[in-house]
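Let's take a friendly walk through a protein model, looking at how its side chains meet one another. Keep the structure open beside you as you read.

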Amino acid sequence: WELDGIQASILERLLHFEVNSMYEKKRKKTEKQIEDSLLQLMKEQTFETISIRQLIDLAEVNRSTFYRHYLDKYDLLEKIEDRLLGDLQAYYQEVLESACLFKLEKDFKVEDYIHEKQNLFHFFEPYLEDLAILLGPNGSPTSSRRLQEALREIFCQSISLADPHLEEVEVDLLLNHQAASFMGTLTYWLAHPRYKAQQMSDFHARVTAVGLAGFVREHMQGD
């Protein structure tokens with residue numbers, strides 16, 4: 001039997017889709033092997049000292065396969081960072097688009113500003129092992145810098161919900177303070193992973209809400 005033009009076109013598209021789907025699965029599998037290999041090596045040595053030979057040997061791929069996916073090891077690291085930061089942005093964008101975050105009035109409550117679904121510690125929890133490597137002593141300074149820049153952007157969106165009238169220098173200092181404070185808490189958590197995401201979030205949110213002096217004052221014993 002012969003296929004008419006429409007049937008032949010449908011069959012061709014289906015075959016094309018199947019081939020592309022198989023290729024995509026193979027591509028993702030190969031890239032995961034290579035990315036996992038880099039992170040594994042970074043547990044033992046600094047990023048700068050890792051060679052392509054070490055990467056392809058551990059990932060069990062040949063050199064041409066590596067260069068088909070990445071320009072060099074710096075491109076590989078950037079792709080790992082892109083995946084993490086892309087997931088972070090998507091997570092926060094979902095929060096922004098939900099009904100959880102809204103324009104704040106002057107008498108807003110702390111829970112309106114630091115909402116449960118705005119909890120970035122819950123987002124980072126599945127990434128703790130990778131982050132400990134990327135932000136650790138064997139990591140590249142670019143990883144820490146890019147994460148801090150992404151956090152600044154997120155905090156900027158959060159602050160804009162209140163539409164405050166701030167001087168440019170005040171905005172810059174406030175964002176630097178928030179990003180550095182969060183990074184400090186996150187870095188501590190990476191070194192002490194026994195703590196739960198909610199514990200880290202509760203502490204960070206409370207200090208953010210009442211300030212350092214207020215937090216200490218709350219825990220002072222009376223006469």
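Which residues form one aromatic cluster? They are Tyr91, Phe121, Phe123, Phe124, Tyr127, Phe155, Phe182 and Trp189. Keep in mind that you are looking at a predicted model.

Let's zoom in on rings that pair up. The structure holds 12 aromatic pairs. A pair of aromatic rings is described by the distance of the centres and the angle of the planes. Take Phe121 and Phe182 from the cluster: their ring centres are 4.7 Å apart and their planes meet at 35°, so this pair is tilted. Phe121 belongs to helix 6 (residues 120–124) and Phe182 to helix 9 (residues 168–191), so the pair ties together parts that are 61 residues apart in sequence. Both of these residues, Phe121 and Phe182, are buried.

Phe66 and Tyr70 make another aromatic pair, with centres 5.5 Å apart and planes at 45°, so these rings are tilted too. Phe66 and Tyr70 are both buried. A ring can also have a charged neighbour: Lys73 lies over the face of Phe47, at 4.9 Å from the ring centre.

Tyr70 leads us on to Glu35, which touches Tyr70, and also Leu76, Lys79, Ile80 and Arg83, leaving aside residues up to four places away in sequence. Glu35 sits in helix 1 (residues 5–41). Is Glu35 buried or exposed? Its relative accessibility is 9%, and buried means under 20%, so Glu35 counts as buried. The side chain of Glu35 also has a polar contact of 3.2 Å with the side chain of Arg83.

Now for the salt bridges, of which the whole structure has 11. One of them links Lys32 with Asp36, where the closest N and O atoms are 2.7 Å apart. These two residues are four apart in helix 1, which means that about one helical turn separates them. Lys32 is exposed at 52% relative accessibility, while Asp36 is partly exposed at 37%.

Another salt bridge, between the side chains of Asp82 and Arg146, has an N to O distance of 2.6 Å. Asp82 is in helix 4 (residues 73–97) and Arg146 in helix 8 (residues 141–160), so this pair ties together parts that are 64 residues apart in sequence. Arg206 and Glu218 form a salt bridge as well, with their closest N and O atoms 2.2 Å apart. Finally, shared partners join the salt bridges of Glu81, Asp82 and Arg146 into one network.

Methods. Residues numbered from 1 in each chain as written. Predicted model: local features only at pLDDT ≥ 70, side-chain atom pairs only at ≥ 80, totals over all residues. Heavy atoms only, no water. Buried < 20%, exposed > 50% of the residue type's maximum accessible area, 1.4 Å probe, protein only. Polar contact = N/O pair within 3.5 Å; in protein donor to acceptor, adjacent residues only side chain to side chain. Contact = heavy atoms within 4.5 Å. Phe/Tyr/Trp six-rings, centres within 6.5 Å; stacked < 30°, edge-to-face > 60°. Lys NZ or Arg CZ within 6 Å of the ring centre and 35° of its normal. Salt bridge = Lys/Arg side-chain N within 4 Å of Asp/Glu carboxyl O.
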